[in-house]
Amino acid sequence: ALVLTALWLSIGEAALTGDTLSSGSPVAKIVEMLKDMSSKSDEDGKAEEETFSSFKCHSTKVIESKATKMSDLEELSLSLENKIEKLTALKGELASKAVSVKKDLEKNDETKREADSTRENSHKSFLSSEKEMPTNLKTLSQALTSLKETEKKSAATELLAMSSNAELAALGRQLQEVQNPPASNPFSKVFLSP
């Protein structure tokens with residue numbers, strides 16, 4: 001558009017320098033029109049240049065802003081990738097610990113079941129023993145009474161054996177034989193026992 005305008009202006013100037021041109025002639029009008037178009041074209045060019053400058057400045061700012069944001073997002077992406085790797089490793093570690101804890105819990109449950117069984121068996125045994133206790137106490141009481149009586153007889157027999165009287169000594173020996181017969185005579189205890 002500028003080249004065309006410059007061409008028409010040069011044609012118009014050449015025509016104006018001639019003697020045949022008058023102010024109302026059609027060529028003069030065209031030349032005037034071309035001059036107006038040229039000045040308008042210059043004004044439009046300047047306006048477009050200002051608009052382009054403004055757009056270029058805005059675009060440069062947007063590009064720089066976007067580049068900064070992209071850089072920040074790339075750093076964030078790397079940071080997040082590192083966090084993901086750490087969390088993945090932690091997940092594996094925790095999964096391993098969970099398996100170990102589960103095994104420990106199963107082992108503890110088994111141990112508890114065994115302990116419960118042992119306690120139950122001990123309780124049953126105690127209850128059985130507790131039922132037998134009165135009978136056992138009665139038997140022990142009878143045995144104690146029998147021992148006391150035997151001890152009294154033994155003391156009397158020893159006194160007789162120590163006595164200086166020969167008849168009493170012989171009687172003491174007979175009592176001892178009755179209480180403790182010789183192994184060679186198994187019937188003496190049966191026949192002589194009171």
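Buried means under 20% relative accessible area, exposed over 50%, and partly exposed in between (1.4 Å probe, protein chains only). The model is predicted: local features need pLDDT of at least 70 and side-chain atom pairs pLDDT 80 or more, while totals for chains, interfaces and linings use all residues. Residues are numbered from 1 along each chain as its sequence is written, and side-chain values use heavy atoms, leaving out hydrogens and water.

**View 1. The chain is built from 4 helices and 0 strands.** Along the sequence the elements follow the pattern α-α-α-α. Helices (H or I, at least four residues) and strands (E, at least two) are DSSP runs numbered from the N terminus. Helix H2 covers residues 26-162. The chain has 194 residues, and 7% of them count as buried. Its accessible surface (Shrake-Rupley, 1.4 Å probe; for residues, only the protein chains shown count as cover) is about 16700 Å². Carbon and sulfur atoms hold 61% of that surface.

View 2. A salt bridge puts a side-chain nitrogen of Lys or Arg within 4 Å of a carboxyl oxygen of Asp or Glu. Lys97 counts as partly exposed because its relative accessibility is 48%. Glu93 is also partly exposed, at 43%. The whole structure contains 5 salt bridges.

**View 3. Asp116 is paired with Arg119 by a salt bridge.** Between the two side chains, N and O are 2.4 Å apart. Both residues belong to helix H2, with a spacing of 3 residues, or about one turn of the helix. How exposed are the two partners, Arg119 and Asp116? Arg119 has a relative accessible area of 53% and is therefore exposed. Asp116, at 29%, is partly exposed.

**View 4. Glu120 and Lys124 are joined by a salt bridge.** Their closest N and O atoms lie 3.6 Å apart. About one helical turn separates Glu120 from Lys124, because they are 4 residues apart in helix H2. Glu120 is partly exposed, with 46% relative accessible area.

**View 5. Four acidic residues make up a negative surface patch.** Its members are Asp42, Glu43, Asp44 and Glu48. Patch residues have over 30% relative accessible area and no salt bridge, with like charges joined within 9 Å and nonpolar side chains (Val, Leu, Ile, Met, Phe, Trp, Tyr) within 5 Å. Lys and Arg count as positive and Asp and Glu as negative, with His and the chain ends not counted; each charge is placed at NZ of Lys, CZ of Arg, CG of Asp or CD of Glu. Glu48 is a residue of helix H2. With a relative accessibility of 58%, Glu48 counts as exposed.

**View 6. Leu73, Leu76, Leu80 and Ile84 form a nonpolar patch on the surface.** Together these four side chains belong to residues with about 380 Å² of accessible area. One of them, Ile84, lies in helix H2. Is Ile84 buried or exposed? Ile84 is exposed because its relative accessible area is 53%.
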